[in-house]
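Subject: Structure handover

Hello,

Here is the structure you were waiting for. My notes follow below it.

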Amino acid sequence: MSNRKLPFDKAKLEEIASKWPTPFHLYDAKGIRDNAKRLKKAFSWNKGFREYFAVKAAPNPYLMKLLKEFDFGSDCSSMAELVLSEKVGNVGEAIMFTSNDTPAEEFKKAWELGAIINLDDITHWDFLCESVGAKTEADFADRVMCCRYNPGPLKGGNAIIGKPEEAKYGFTREQLFECYSKMKAAGVKRFGIHTMVASNELDPEYIIDTAKLLFSLVAEITAQTGVEFEFVNIGGGIGIAYKPEQKAMSLERVGEGIEEAYKQIIDGNGLKPIKLYMECGRSITGPYGYLISKVRHIKNTYRLYAGLDACMSNLMRPALYGAYHEIVVPGKENSGDTSVYDVTGSLCENNDKFAIQRLLPVMERGDFVVICDAGAHGHAMGFQYNGKLRSAELLLEEDGSVTEIRRAETLDDYFATLDFSKL
Ligand SMILES: *Cc1c(COP(=O)(O)O)cnc(C)c1O
């Protein structure tokens, strides 16, 4: 049974649900703020440290605005994410545009916003120049250009993202040298370098090694091409402890380890100070978002089922990757009366299960069921298959007040793209 502590109790949920019927996603503002402070503190040794929140994890402008209090920028990879970023006032170098297989109109939008453009491929340099009509040195005067490095066989694999050499992202090592020289020759004066090789990683050493790899590369590229770097972007990929036996990554250890490597490699090679950037998504909002639902039916056949009013369209990680999410039944946390359940949704897919054969308090219709760690890739991965509507998103403020930061969809939303009059 879970011993997760929630930032709300059953009475609070009853109060909220009287206004917003379940299911809904609830984000804990204090949790997000405290975590943001922790991250900044761990990297306070680096002048200019900045986190660019990976918008895809939780593309809600109110959450982005909350993160902006800590000067977090936006890591965007699509038109919609660029527009969201613009709406919250993150423009210019507060945007890291890290896309792949990028359409011309997105490069244009990112260019117009003054974003830092992080190229995914060597051919994208010419494609970018063409897309935005940049030709002369003056067009690049203040631009910050970055390339995404794929270390290939030089870096061991990570469970979710896989082996770098099988990943579609980024430049080879040789291509990096060529592209930076080309950009320099075209008149670009400001540069950064990026890699992203981990996802949901819990070992701080893996992240530290990634930083080391980039620091060494910076020293080499500078020595060979004369290109000087303003920043190193180590990407996202800091994991969260979804399972009770897992331990959250120590940000303090990551900060210390990277500081050591910085002193050794950047200072050691007499390079100018470099800003450290990150673009974490999951670890920023993941642990602070909860999918709140209620038991709709209890069914006892070959197995015992708790059928919720939420389904995989509210959180598809368990169905998609067999991901584990902790489940709490508020008000019954300490109940000695337990059973083993499959916790399901109502989608007509047998993998629509939030948990399989999980020991939980004995439940009955109407009980609240809280699915933890749903604050990243939760609502964001929502869909409407089987006529399921996306739920509301609510923000629980530190003073206990609740703000609706996205309303629930209605049938009218679902039908909005159909013209019944032509039937
Ligand atoms: C998804 C993604 C991130 C964020 O990854 P997390 O695992 O959520 O930290 C950062 N950068 C890029 C380019 C991504 O695609």
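In this predicted model, a polar atom of the D367 side chain lies 2.9 Å from the backbone nitrogen of E364. D367 sits in the loop that runs between β14 (353–361) and β15 (368–371). Its relative accessible area is 11%, so D367 counts as buried. Leaving aside residues up to four places away in sequence, D367 touches S293, K294, V295, V329, K332 and V362.

Salt bridges were searched for over the whole structure, and 26 were found.

R50 belongs to strand β2 (residues 50–54) and D71 to the loop between α3 (61–68) and β3 (73–76), so the bridge ties together parts 21 residues apart in sequence. R50 is buried at 17% relative accessibility, while D71 is partly exposed at 43%.

K182 and D126: these side chains form a salt bridge at 3.5 Å, N to O. Because K182 is in helix α7 (residues 173–186) and D126 in helix α6 (residues 123–132), the pair ties together parts that are 56 residues apart in sequence. K182 is partly exposed, with a relative accessible area of 35%; D126 is also partly exposed, at 40%.

D342 and K353: here the N to O distance is 3.0 Å. D342 is in strand β13 (residues 338–344) and K353 in strand β14, 11 residues apart. D342 is buried at 0% relative accessibility, and K353 is buried at 13%.

Regards

How values were computed: Residues are numbered from 1 along each chain as its sequence is written. This is a predicted model: local features need pLDDT of at least 70, side-chain atom pairs count only at pLDDT 80 or more; totals for chains, interfaces and linings use all residues. Side-chain values use heavy atoms; hydrogens and water are left out. Helices (H or I, at least four residues) and strands (E, at least two) are DSSP runs, numbered from the N terminus. Buried means under 20% relative accessible area, exposed over 50%, partly exposed in between (1.4 Å probe, protein chains only). A polar contact is a pair of N or O atoms within 3.5 Å; within protein, one must be able to donate a hydrogen and the other to accept it, and residues adjacent in sequence count only if both atoms are side-chain atoms. Contact means heavy atoms within 4.5 Å. A salt bridge is a side-chain nitrogen of Lys or Arg within 4 Å of a carboxyl oxygen of Asp or Glu.
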